[in-house]
Amino acid sequence: MPAVLRATADHVLSITLNRPEALNALTPEQRDEIVRLLSEASATPAIRAVVITGTGRGFCAGADLRAAGTPGERLAGDVARTLRTGAQRLIAAVLDCEKPVIAAVNGTAAGLGAHLAFACDLVLAAESARFIEVFVRRGLVPDGGGAYLLPRLVGPQRAKELMFFGDALSAADAERLGLVNRVVRDEELEKTARAWAERLASGPTRALALTKQLVNASFDTDRAAAFAAEAAAQEINMTTADAREGIRSFVERRSPEYRGH
């Protein structure tokens, strides 16, 4: 059975981590496959939304340290290079995907697994889900963009609390902090994720991509640059068929029928 399952239906790509015996801890091969699938989704007009989830009790327990084995002698630059081409590349692939990405967190999301969820555009969590900044428990510095993502989601003080203590955060508490959009019953997670994804897939795909780009860049720029990027995005979007359809449908007092281009 593949360690990463993929399925496409109704313009939605579902990516499912499938190593339940390891709580879906990520191997390099799985990580690279997710990056490939997200890149493919960006370039495939028929795919208009993405859902990432896991099988079993875990969403993703982070990088598979057991598979990596005991660290041997390292050369200078090895660790940084591994992060750039591994965990950071994975998180960048989610942030840069041109289609909206939903995390359907079905269980434990720890370390890189938590950051994989937080990088997604929308986060749904089952009631049984837990989020753990596990790095401090292993004597490690957070990776996978955690120190970039968390302060932007919850502010620096909360981010430090989560990262300094490494305590498990319940789905309800994650929702309260703003890390999760919605908590649903375990048995409702798949259905809710599918409904959200299908709604996004029926929307104006290029407008959503440009909106995602503007929001993701908003914390890293000043007002003048943000306003210039907004104007450029509007200029680009107004050339799309979906923008013309949106305006036409408003004038004609009917529901729009977006085609994703």
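**Close-up 1. Arginine 152 over the face of tyrosine 148.** In this predicted model, arginine 152 lies over the tyrosine 148 ring face. The distance to the ring centre is 3.8 Å.

**Close-up 2. Arginine 223 over the ring of phenylalanine 227.** Here the charged end of the arginine sits over a phenylalanine ring. Arginine 223 is 6.0 Å from the centre of the phenylalanine 227 ring.

**Close-up 3. The aromatic pair of phenylalanine 118 and phenylalanine 131.** The structure holds 1 aromatic pair. Its members are phenylalanine 118 and phenylalanine 131, and their arrangement is stacked. The ring centres lie 5.5 Å apart, with 25 degrees between the planes. That angle counts as stacked because the planes are under 30 degrees apart. The pair links distant parts of the chain, 13 residues apart. Phenylalanine 118 belongs to helix H5 (residues 112–119). Phenylalanine 131 belongs to strand E8 (residues 130–132). Both phenylalanine 118 and phenylalanine 131 are buried.

**Close-up 4. The open sheet of 6 strands.** The strand order is E1-E2-E3-E5-E7-E10. Pairing in this sheet is mixed. Strand E1 (4–9) and strand E10 form the edges, each pairing on one side only. On average, neighbouring strands are turned by 20 degrees against each other, direction ignored. Strands of a sheet pair through backbone hydrogen bonds, in either a parallel or an antiparallel sense.

**Close-up 5. Strand E7 between E5 and E10 in the sheet order.** Strand E7 covers residues 122–126. Of its 5 residues, 4 are buried, so E7 is largely enclosed by the rest of the structure. Strand E5 (residues 101–105) runs parallel to E7, and 4 bridges join the two. Within this pairing, alanine 104 has leucine 124 of E7 as its bridge partner. E7 also pairs with strand E10 (residues 182–184). That pairing is parallel too and spans 3 bridges. Here alanine 125 has valine 183 of E10 as its bridge partner. In a regular strand, side chains alternate between the two faces of the sheet.

**Close-up 6. Threonine 205 and its contacts.** Threonine 205 is in helix H10 (residues 205–217). Its relative accessible area is 2%. Threonine 205 is therefore buried, as the cut-off is under 20%. Leaving out residues up to four places away in sequence, threonine 205 touches Arg48, Lys99, Asp242 and Gly260.

Note on methods. Residues numbered from 1 in each chain as written. Predicted model: local features only at pLDDT ≥ 70, side-chain atom pairs only at ≥ 80, totals over all residues. Heavy atoms only, no water. Buried < 20%, exposed > 50% of the residue type's maximum accessible area, 1.4 Å probe, protein only. Contact = heavy atoms within 4.5 Å. Phe/Tyr/Trp six-rings, centres within 6.5 Å; stacked < 30°, edge-to-face > 60°. Lys NZ or Arg CZ within 6 Å of the ring centre and 35° of its normal. Pairing = 2+ DSSP bridges. Axes fitted to C-alpha atoms, helices over the stretch in contact; angles between N-to-C directions.
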